[in-house]
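Morning, everyone. Please look at the structure first.

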Amino acid sequence: MDEKAISVGSAAASNGSPASAQNDEELKRFQVELEFIQCLTNPFYLNHLAQHGHFEQKEFVNYLKYLLYWKDPQYAIFIKYPACLFMLDLLQEEAFRRELISPLCAKFVEEQLLLQWQYYAFRRRMAAAQPPAAAADASGQAVSEGNGTSTAPNLSSGGKDPSSAAPALQNGV
């Protein structure tokens, strides 16, 4: 369903024809699926689903596979929390679904999402603060043209580099 179909569905709601009823149902399904997929960003919601046995139900696992269509750009533009697509990918793995039953796993995933968000926000602020003449080296870090020194801070001196935690999530926690 694209933007045109959504606007047609909401505009046709007033005339009561069978076609408008079908459009209303499609619009409602779209909205429900959009809301559900964005809830996947919350690791404690995933923990709740795991504790109640939803991830053990074949129908629910198939529904998670069905939801992969949200990764298509024509649907992804409606998503406000893009981390939900990453979580949807992780939920395709049985081992990850099994581990989510532990509240400690949910807390770990929450911390990793927060670190990723902080790192992303930091990198955006750094990129916005750079003068237009600054170039990027092969590693993706900003380099000033004058002396070739990196303008990115050394995160390892005062704490951990948030990007080093990302492989833990990619390996299924």
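One definition before we start. A residue counts as buried when its relative accessible area is under 20%, and as exposed when that is over 50%; in between, we say partly exposed. Keep in mind that this is a predicted model.

Now the rings. How many aromatic pairs does the structure hold? Eleven. Take Phe36 and Tyr45. Their pair is edge-to-face, with 6.4 Å centre to centre and 75 degrees between the planes. Are these two residues buried or exposed? Phe36 has a relative accessible area of 12%, so it is buried. Tyr45 comes out at 26%, so it is partly exposed.

Next pair: Tyr66 and Tyr69. This one is tilted, at 5.2 Å centre to centre and 55 degrees between the planes. Tyr66 has 35% relative accessible area, so it is partly exposed. Tyr69 has 24%, so it is partly exposed.

Step back from the pairs. Phe36, Tyr45, Tyr66 and Tyr69 are among the members of one aromatic cluster. That cluster also includes Phe30, Phe55, Trp70 and Phe78.

On to the pocket. Which residues line it? Among them are Ala50, Phe55, Val61 and Ile101, along with Glu56, Lys58, Glu94, Arg97 and Arg98. By type, the lining has four nonpolar residues, no polar ones and five charged.

Which helix gives the most to this lining? That is α7, with three residues. Both α4, at 58–66, and α7, at 94–99, supply at least two residues each.

Conventions:
Residues are numbered from 1 along each chain as its sequence is written. This is a predicted model: local features need pLDDT of at least 70, side-chain atom pairs count only at pLDDT 80 or more; totals for chains, interfaces and linings use all residues. Side-chain values use heavy atoms; hydrogens and water are left out. Rings of Phe, Tyr and Trp (its six-membered ring) pair if their centres lie within 6.5 Å; planes under 30 degrees apart count as stacked, over 60 as edge-to-face and the rest as tilted. Buried means under 20% relative accessible area, exposed over 50%, partly exposed in between (1.4 Å probe, protein chains only). On a 1 Å grid over the protein atoms alone, a cavity is a set of points where a 1.4 Å probe fits but cannot get out, and a pocket is an open set with protein on both sides within 12 Å along at least five of seven lines; lining residues have an atom within 4 Å of a point. Helices (H or I, at least four residues) and strands (E, at least two) are DSSP runs, numbered from the N terminus. Ala, Val, Leu, Ile, Met, Phe, Trp, Tyr, Cys and Pro count as nonpolar, Asp, Glu, Lys and Arg as charged, and the others, Gly among them, as polar.
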